[in-house]
Amino acid sequence: MTATAPAAEATVRKSSPGAARGPRRRTGRIRRIGLPYLLLLPALLLELLVHLVPMVIGIVMSFKELTQFYIRDWGTAPWAGFDNYSVSVDFDAPVGKALLHSFLVTIAFTLLSVGLCWLIGTAAAVFMQDTFPGRGLLRALFLVPYALPVYAAVITWVFMFQHDNGLVNHVLHDQLGLTDKPSFWLIGDNSFIALLTVSVWKGWPFAFLIVMAGLQNIPRELYEAAALDGAGMIQQLRRITLPSLRPVNQVLILVLFLWTFNDFNTPYVLFGKSAPEAADLISVHIYQASFVTWNFGTGSAMSVLLLLFLLVVTGVYLALTSRGRRTAS
């Protein structure tokens with residue numbers, strides 16, 4: 001009787017409903033945990049094909065002496081080591097000097113564009129917080145530059161910046177008389193102003209949209225209490241609006257910086273393959289080094305250097321902003 005008791009107990013345990021539900025529950029839990037990853041798998045594979053694989057190929061190309069003679073079979077191009085990088089950062093040589101000039105132009109352009117986009121977008125969003133007739137229509141009109149396709153919008157600006165029959169010269173010279181003669185906007189030093197104008201025109205609605213969304217989370221009671229305490233509009237902006245928008249602005253400025261620094265469509269459509277020296281952004285400069293001079297090895301090295309610079313700037317920016325959040329809290 002003692003020999004058959006363990007076997008009977010095991011038989012009862014196997015036939016009990018709780019024992020059957022245990023493995024079943026574990027299987028269902030594993031399925032629930034694995035389902036999100038399974039649904040993300042197509043997007044991850046697409047990201048791998050679209051971004052990571054070309055990035056790795058570009059890094060490999062930066063170590064090769066890849067010119068027009070090896071385009072048909074670029075795998076046979078000889079290894080150049082770090083020669084492409086040394087040429088790019090040799091600021092005493094023509095290639096490095098031109099890259100440094102393009103980098104400085106891009107820095108100035110990015111800082112001005114991001115600053116103006118944030119300033120105009122924030123001012124418009126704060127203005128739109130008050131209720132008045134036609135506010136919905138005005139909001140929709142503000143978003144038109146952001147909703148338009150880039151090529152259609154920039155081509156329109158190309159016609160407006162024409163020297164002889166452009167709208168800009170017609171207004172500034174013919175109607176307002178602000179200039180002595182019609183200006184050249186797509187060549188010379190004025191090309192930087194033209195590029196900055198187009199960039200701010202199509203970029204500030206995004207800042208307006210993000211800041212306006214962030215303002216919806218600020219309780220109106222704070223403004224009412226500040227008004228009762230005698231705080232004016234400027235004090236409310238400094239003490240309530242800007243501190244409350246700090247998390248939104250931190251993300252907004254970073255996104256605007258990355259978009260503007262890497263912007264290729266705007267200068268390419270505005271000036272073509274050869275941008276003027278005053279508006280020689282680094283994105284177009286790398287394009288010229290790769291597809292105009294057919295030196296893909298040097299162009300890839302410049303792209304890798306640009307990637308490293310943006311990674312460093314992004315890392316430092318995130319570290320500083322996260323430290324600022326911890327200090328404020």
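# A guided tour of the helices

Begin by selecting the buried residues of helix H14, which are Ile282, Ser283, Val284, His285, Ile286, Tyr287, Gln288, Ala289 and Ser290. With nine of its 11 residues buried, H14 is mostly covered. The model on the screen is a predicted one.

**The whole chain.** Before going further, display the entire protein as a cartoon. The secondary structure comprises 15 helices and zero strands. Of the 329 residues in the protein, 33% are buried. Among contacts with a separation of 6 or more, 65% are between residues 24 or more positions apart.

**From H14 into the loop.** Next, select tryptophan 294, which belongs to the loop between helix H14 (282–292) and H15.

**Into H15.** Move on to serine 300, which is located in helix H15 (residues 296–328). Is serine 300 buried or exposed? Its relative accessibility is 10%, so serine 300 counts as buried. Show the side chain and the backbone of phenylalanine 296 together: a polar atom of the serine 300 side chain is 2.8 Å from the backbone oxygen of phenylalanine 296.

Two packed helices are described by the angle between their axes and the distance between the axes. Hide the rest of the chain and select helix H9 (residues 190–215) with helix H12 (residues 246–261); their axes come within 10 Å and cross at roughly 160°. Because angles over 145 degrees count as roughly antiparallel, H9 is roughly antiparallel to H12. The crossing of H9 past H12 is right-handed.

Which residues make the contact between the two helices? On H9, select Ser199, Gly203, Phe206, Ala207, Ile210, Val211 and Gly214. On H12, select Val248, Asn249, Leu252, Val255, Leu256, Trp259 and Thr260. Colouring the residues of this contact by class gives nine nonpolar, five polar and no charged.

**Serine 199.** Keep H9 displayed and centre the view on serine 199, which lies in this helix. Serine 199 counts as buried because its relative accessible area is 5%, under the 20% limit. Apart from neighbours within four places in sequence, the residues in contact with serine 199 are Phe109, Ser113, Cys117 and Thr260.

**Phenylalanine 127 and H4.** The last stop is phenylalanine 127, found in helix H4 (residues 94–127). Its relative accessible area of 48% makes phenylalanine 127 partly exposed. Excluding residues up to four places away in sequence, phenylalanine 127 touches Phe132 and Leu138. Finally, draw a distance between the C-alpha atoms of phenylalanine 127 and methionine 212: the separation is 9.7 Å, although the two residues are 85 residues apart along the chain.

Terms used. Residues are numbered from 1 along each chain as its sequence is written. This is a predicted model: local features need pLDDT of at least 70, side-chain atom pairs count only at pLDDT 80 or more; totals for chains, interfaces and linings use all residues. Side-chain values use heavy atoms; hydrogens and water are left out. Axes are lines fitted to C-alpha atoms, for helices over the stretch in contact, and angles run from 0 to 180 degrees between N-to-C directions. Helices (H or I, at least four residues) and strands (E, at least two) are DSSP runs, numbered from the N terminus. Angles under 35 degrees count as roughly parallel, over 145 as roughly antiparallel, 65 to 115 as roughly perpendicular and the rest as oblique. A crossing is left-handed if the near helix is turned anticlockwise from the far one by less than a right angle, and right-handed if clockwise. Contact means heavy atoms within 4.5 Å. Ala, Val, Leu, Ile, Met, Phe, Trp, Tyr, Cys and Pro count as nonpolar, Asp, Glu, Lys and Arg as charged, and the others, Gly among them, as polar. Buried means under 20% relative accessible area, exposed over 50%, partly exposed in between (1.4 Å probe, protein chains only). A polar contact is a pair of N or O atoms within 3.5 Å; within protein, one must be able to donate a hydrogen and the other to accept it, and residues adjacent in sequence count only if both atoms are side-chain atoms.
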